[in-house]
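Here are some friendly notes to read alongside the structure.

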Amino acid sequence: MPLRKSFLAGHYYRLIEHRILPRVNRLTLSPDHFTLIGFFLAAVVPAGFFLHPLIGFFFMLASGVADTLDGLMARRRNAASTFGAFLDSSLDRVSDFFYIFGFWCLFWHSERHVLAGSLIFASFLTTSMISYVQARSEALGGTCGIGWMERGWRTVFLILWALLVGVLPAFRDLVLWTGLVLYFLLTAVTVLQRMIYCGREFARLK
């Protein structure tokens with residue numbers, strides 16, 4: 001199920017629309033400005049994690065909120081544009097990299113840093129493939145909005161993972177490794193789900 005249609009998202013979007021959007025909507029910033037703000041907040045996530053997991057969590061959460069605001073503001077002002085959608089989608093991919101790279105910083109002193117680094121980069125590969133498979137499918141006339149770990153759920157997973165690392169320091173290694181393995185497996189399965197779906201859909205379109 002897409003995150004936007006979930007019970008959790010309903011409460012989240014109501015909070016943003018009723019509490020935060022009216023305040024920021026009075027500013028002279030455009031939706032594209034909030035896209036850039038979300039991107040720059042994502043860019044400092046690795047530095048935040050290097051200082052403390054909760055600082056990285058805060059930057060990641062703020063980046064996610066800014067990313068939500070750009071779309072809501074564009075719809076509220078009737079200011080949606082093709083370039084805005086392109087910019088948002090493009091910077092989302094870079095933000096994904098910064099989020100995942102931030103977790104690699106938490107493995108900096110791990111005795112198994114080579115294994116951790118391998119899983120981190122493998123996770124970025126599967127994350128990128130989730131988006132690529134959908135984009136390529138849609139470019140060829142198909143649809144592919146399926147799978148467990150679409151971007152909304154990936155971001156929620158990473159935010160909750162960062163929070164748990166920060167508030168459970170006694171179990172830091174367990175939370176780090178469990179989260180990393182789960183993230184890699186879930187994203188890998190999502191890539192497989194999308195590729196199977198596309199194979200079946202394009203076979204029907206022949």
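Predicted model: local features only at pLDDT ≥ 70, side-chain atom pairs only at ≥ 80, totals over all residues.

1. Two packed helices are described by the angle between their axes and the distance between the axes. You will meet both values for each pair below.

2. Let's begin with helix 2 (31-43) and helix 4 (53-76). Their axes come within 8 Å, with a crossing angle of roughly 165°. An angle over 145 degrees counts as roughly antiparallel, so helix 2 is roughly antiparallel to helix 4. The crossing of this pair is left-handed.

3. Now look at which residues touch in that pair. From helix 2 come Pro31, Phe34, Thr35, Ile37, Gly38, Leu41 and Ala42, and they meet Phe59, Ala62, Ser63, Ala66, Leu69, Asp70, Met73 and Ala74 of helix 4. Sorted by class, the residues of this contact are 11 nonpolar, three polar and one charged.

4. Helix 2 also packs against helix 5 (residues 82-106), so which way do the two run relative to each other, parallel or antiparallel? Their axes come within 9 Å and cross at roughly 10°. Because of that angle, helix 2 is roughly parallel to helix 5.

5. On the helix 2 side are Asp32, Thr35, Leu36, Gly38, Phe39, Ala42 and Ala43, while helix 5 brings Phe83, Gly84, Leu87, Asp88, Leu91, Val94, Ser95, Phe98 and Tyr99. The contact of helix 2 with helix 5 holds 10 nonpolar, four polar and two charged residues.

6. Helix 5 has a further partner in helix 6 (residues 113-139): the axes of the two come within 10 Å and cross at roughly 160°. That angle makes helix 5 roughly antiparallel to helix 6. Here the crossing is right-handed.

7. The residues of helix 5 that meet helix 6 are Arg93, Asp96, Phe97, Ile100, Phe103 and Trp104, and their partners in helix 6 are Gly117, Ile120, Ser123, Phe124, Thr127 and Ser131. This contact is made up of six nonpolar, four polar and two charged residues.

8. Next, the empty space. Rolling a probe the size of a water molecule over the atoms shows where empty space is left. How many cavities of 30 Å³ or more does the structure hold? There are two of them, and the largest cavity has about 60 Å³ of space.

9. The largest cavity is lined by Thr35, Gly38, Phe39, Ser63, Gly64, Asp67, Asp88, Leu91, Asp92, Ser95, Tyr99 and Arg151. Helix 2, helix 4 and helix 5 each give two or more residues to this lining, and helix 5 gives the most, with five. By class, the lining has three nonpolar, five polar and four charged residues.

10. Finally, find the second largest cavity, with about 30 Å³ of space. Its lining consists of Phe97, Ile100, Phe101, Ile120, Phe121 and Phe124. The elements that give two or more residues here are helix 5 and helix 6.

How values were computed. Residues numbered from 1 in each chain as written. Heavy atoms only, no water. Axes fitted to C-alpha atoms, helices over the stretch in contact; angles between N-to-C directions. Helix = DSSP H or I, 4+ residues; strand = E, 2+ residues; numbered from the N terminus. Parallel < 35°, antiparallel > 145°, perpendicular 65-115°, else oblique. Left-handed = near helix turned anticlockwise from the far one by under 90°. Contact = heavy atoms within 4.5 Å. Nonpolar A, V, L, I, M, F, W, Y, C, P; charged D, E, K, R; others polar. 1 Å grid on protein atoms, 1.4 Å probe; cavity = no way out; pocket = protein on both sides within 12 Å on 5 of 7 lines; lining within 4 Å. Points joined across faces, edges and corners; volume = space filled by probe spheres on them.
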